[in-house]
Amino acid sequence: MSFNKKVAFYTLGCKVNQYETESLKNKLIKLGYEEVPFEESADFYVINSCTVTSVADRKTRNILRRAKKANDKSKVIVTGCYAQTNGKELLEIDEVDYVVGNSNKTEVIDLIENIEGKSSSSHVVLSDIFKENEYKELEFSTYREMSRAYIKIQDGCNNFCSYCKIPFGRGKSRSRKLENIIEEAEKLAAEGFKEIILIGINLGAYGEDFDEKITFEDLLEAVVKVEGITRVRIGSMYPDKINGRFVEIMKNNKKIMPHLHISLQSCNDEVLKGMRRKYGTSLIRERLSLLRENVPNIEYTADVIVGFPGETEEMYESSKQMIKEIGFSTLHVFPYSERENTLAASFENKVSPAEKKRRAADLENSEKESAVEVRKKYIGKVLNVLIEEKKGNGYYGYSENYLRVKIKDREDLILNVNDEVNVKITGCEKELLTGEI
């Protein structure tokens, strides 16, 4: 046990990273360490990095340089995807003491426990991520967010899309054992959580690495049987992983929320081919239309990249038009970011930074218009909302199809966080629905 030692955390990037930070945090607290805010003086600073874009790299470097400002005698440890792919580069930053890759992330605990009394010379704890053949189990320490909890079910990706650096940071696709996922879901239900969100790097690939035949759909059918869990939300899906059985499960089981975040990237065939995505626009249209026909009130959010090498104005406009036709409740728009060691980095016909910025702003403006139209169609309808917080003169939460709703307060209205209530939608304020019990 190490008492009176303080540790601070900073996490960049996806929910998977946040989930893994919670594991490290939980373990250190159990060992007697005190967590403090990142801006305060600590003995150890742990930065869990992201490398999905050059902006993420830059943010990580900036955070690392900030770490020792409150205590110049502290030890700074960087882990995560950027640490895995660019460990030696990160060691050149004066403020960095240790680099621990994703392949060794669980060793952060031992490193901190054994650091005392050692010299402050920097070094790397890093092994080949592609030699990781099985999912590495973390101690139960689910990432909790208000009234929701996240369960990691899978890691890594085998796709090697031409623009993406993540396989180099996360390795091959590796699935978590079904019994461990169910055990974690049961633990969360016992704690009172009603909504769980399944997360991973490529969820639809769940089970493909197992010897026994098990699929993502098998997992969904098992998770919905956990008593006490009333909402199962799927973190992200590739369009080509949406099959007939998946549609039937979403259609027939009301515990699975009618919302999908689509890892889309583009709605132009030439761009998708250059990206080495395993689908085209006809498949996108077919699968998302099939879900709309079968799952009432289903809504989509998505990630989109603009300015991919070779994307002409015509290609961008055709992608924008199809995105508008599908109708997304929210878009996350990213200007293409060149990543080292990826195939797209060698492509010619680069789009200028100014043009990428223009397209990103243009698509975001278009998305805002579509988002309001998506929400307006619910005025006068009743949506089931899970309460997350009370703020000012209202209660706030998310509908089953992941639309944020404000419920007008009244003197006789007493709601608690984690209550599920039916709300009649009466209005729309930009991207916020308003309604009353």
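This is a predicted model: local features need pLDDT of at least 70, side-chain atom pairs count only at pLDDT 80 or more; totals for chains, interfaces and linings use all residues.
Residues are numbered from 1 along each chain as its sequence is written, and side-chain values use heavy atoms, leaving out hydrogens and water. Helices (H or I, at least four residues) and strands (E, at least two) are DSSP runs, numbered from the N terminus.

**The second largest pocket**

- This pocket holds about 280 Å³ of space. (On a 1 Å grid over the protein atoms alone, a pocket is an open set of points with protein on both sides within 12 Å along at least five of seven lines; a cavity is a set where a 1.4 Å probe fits but cannot get out; lining residues have an atom within 4 Å of a point.)
- It is lined by 16 residues, and Glu-134, Tyr-135, Ser-175, Lys-177 and Phe-210 are the closest to its centre.

**The cavities**

- Searching the whole structure turns up two cavities of 30 Å³ or more.
- The largest cavity contains about 170 Å³ of space (a volume is what probe spheres set on the grid points fill).
- Of the 14 residues lining the largest cavity, those closest to its centre are Glu-20, Asn-102, Lys-136, Lys-152 and Asp-155.
- The second largest cavity has about 60 Å³ of space, and its lining includes Lys-320, Ile-323, Phe-328, Leu-363 and Ser-370.
- H12 and helix H13 (353–376) each bring at least two residues to the lining of the second largest cavity; H13 has the largest share, with four.

**The six-stranded sheet**

- Six strands line up as S2-S1-S3-S4-S5-S6 in an open sheet with parallel pairing (strands pair if DSSP finds at least two bridges between them).
- Strand S2 (34–35) and strand S6 (123–125) are its edge strands, each pairing on one side only.
- Strand S1 (residues 6–11) runs parallel to strand S3 (residues 44–49), joined by five bridges; look for Thr-11, whose bridge partner in S3 is Asn-48.
- Helix H1 (residues 15–30) packs on this sheet and touches S1, S2 and S3, with its direction at about 175 degrees to that of S1. (Contact means heavy atoms within 4.5 Å; angles run from 0 to 180 degrees between N-to-C directions, with axes fitted to C-alpha atoms, for helices over the stretch in contact.)

**The seven-stranded sheet**

- Seven strands make another open sheet, ordered S7-S8-S11-S12-S13-S14-S15, and here the pairing is mixed.
- Strand S7 (143–145) and strand S15 (330–335) sit at the edges with a single partner strand each, so one side of each has no neighbour in the sheet.
- From one strand to the next, the twist averages 20 degrees.
- Three bridges pair strand S12 (residues 231–237) with strand S13 (residues 256–265) in the parallel sense, and Met-237 has Ile-262 as its bridge partner in S13.
- Helix H9 (residues 244–252) packs on the sheet, touching S12 and S13, and points at about 145 degrees to the direction of S13.
- H13 turns up again here: it lies across strand S14 (299–306) and S15, at about 180 degrees to S15.

**A helix pair**

- Helix H11 (residues 281–294) packs with helix H12 (residues 313–326) at an angle of about 10 degrees, and their axes are 11 Å apart.
- H11 makes this contact through Thr-281, Ile-284, Arg-285, Leu-288 and Arg-292, and H12 through Met-322, Glu-325 and Ile-326.
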